[in-house]
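I opened my notebook to go through one model, starting with charged pairs and then turning to helix packing. Here is what I looked up.

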Amino acid sequence: MSQLITIDRHILDQQSHFPQATGAFTGLMYDIALAAKLIASRTTRAGLTDILGQAGQVNVQGEMQQKLDVYADEVIHQIVGGNGRLCIMASEEHEQPLSIPPGGALGGEYVMLYDPLDGSSNIDYNVAIGTIFSIHHRLSPRNMPGQISDLLRPGSTQVAAGYVVYGSSTMLVYSAGEGVHGFTLDPQIGEFVLSHPSITFPARPRYYSINHGQETHWSAGVQRSVSWLTGRDPERPHSPLSLRYIGSLVGDFHRTLLSGGVFMYPAVPQPDGTLRGKLRLTYECAPLAYIAEQAGGYASDGFRAINDIQPEGLHQRVPFFAGSRDLVEQIEVFISEAG
Ligand code: P6P
């Protein structure tokens, strides 16, 4: 029993490594874990309550909001935003930054960007979905509201990031710069318990993950990369990886992290006709890139590190290649060689 390490205890232990810590970050992570429990309580019963289905409105992305999307977004805004640790927040569900809820002091030390429920189009099919969060120190002076400049930050300035995957079990995976740690929710005691300490990408990769339905739109570099990963490149032999793709970013990324391999969402034609990435930089790719790098891996837009990109907009989209470092770096070479 002495080995039972809850996330609260783990966060507190991590805080002891930072003598100057004020406890604000610790409280922030407590709030995130609580919000995750509340969301998990709904996702595990989605089929039993009237939480399924569409909320009847469209979000900033032009996507039909699911009821669970709306619930998750509001829970995070209120629970995580309401305790005075954040000066400003940004959500995938809202075009503009969110004001700090009543009770949350405007002088918060941190900023948070989040995707409350990614992959929510899969909810009705019982496919894993997830919450993603990214945390930075504020840049603007304390005791005033946060600014958009606090939010438009390269991933390299994150102080913590993580995700919650609501799947066969609910797991919270986070890093605060000292490795990646996974906690599994024990519903019997309502606690996230350390189940995956110090996660690193396995030396031997197992899967690649991409939507083959878009194959005709892939660039020559991406086509060369997939050919290589599946052992079909005569110039560069590689033991063939198997394909896994569930169309839910957190689920696909989490499997890649634990199994080794690479997740790819390249630039493809979008409904508006442009050729670009689909995944959002600030609250999807940058936090997952932070986790990937903390786990010994790497994440790129095909040309440069995701975490070197200075965001121009809150909802900016980028191509995303993340996973075992040697695989992602080789994909960059193929893309570069293909011009
Ligand atoms: P596609 C879900 O809608 C999402 O935003 C990510 O979770 C997922 O990785 C991607 O879209 C799947 O997109 O075009 O393969 O259906």
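How many salt bridges does a search of the whole structure find? I got eleven, taking a salt bridge as a side-chain nitrogen of Lys or Arg within 4 Å of a carboxyl oxygen of Asp or Glu.

A note to myself on the ground rules: this is a predicted model, where local features need pLDDT of at least 70, side-chain atom pairs count only at pLDDT 80 or more, and totals for chains, interfaces and linings use all residues. Residues are numbered from 1 along each chain as its sequence is written, and side-chain values use heavy atoms, with hydrogens and water left out.

**Entry: Arg280 and its partners.** I looked up Arg280 and found its side chain in a salt bridge with Glu92, at 2.9 Å from N to O. This pair links distant parts of the chain, 188 residues apart: Arg280 sits in strand S15 (residues 279-280), and Glu92 in the loop between strand S3 (86-91) and strand S4 (110-118). I take strands as DSSP runs of E with at least two residues, and helices as runs of H or I with at least four, numbered from the N terminus. Arg280 also meets Glu284 in a salt bridge, at 3.0 Å from N to O.

Are these residues buried or exposed? Arg280 is buried at 5% relative accessibility, Glu92 is buried at 3%, and Glu284 is buried at 0%. My cut-offs were buried under 20% relative accessible area, exposed over 50% and partly exposed in between (1.4 Å probe, protein chains only).

**Entry: helix H8.** Arg325 and Glu329 form a salt bridge, with their closest N and O atoms 2.8 Å apart. Both lie in H8 (residues 325-337), four residues apart, about one turn of the helix. Arg325 is partly exposed at 34%, and Glu329 is partly exposed at 34%. I also noted a network of salt bridges linking Arg224, Asp233, Glu235 and Glu337.

**Entry: H6 against H7.** How do the axes of H6 and H7 cross? The axes of H6 (residues 249-259) and H7 (residues 281-294) come within 12 Å and cross at roughly 15°. The two helices are therefore roughly parallel (angles under 35 degrees). Glu284 turns up again here: Leu249, Phe253 and Leu257 in H6 meet Glu284, Leu288, Ile291 and Ala292 in H7, with contact meaning heavy atoms within 4.5 Å. By class, I logged six nonpolar, no polar and one charged residues in this contact.

Terms used:
Axes are lines fitted to C-alpha atoms, for helices over the stretch in contact, and angles run from 0 to 180 degrees between N-to-C directions. Angles under 35 degrees count as roughly parallel, over 145 as roughly antiparallel, 65 to 115 as roughly perpendicular and the rest as oblique. Ala, Val, Leu, Ile, Met, Phe, Trp, Tyr, Cys and Pro count as nonpolar, Asp, Glu, Lys and Arg as charged, and the others, Gly among them, as polar.
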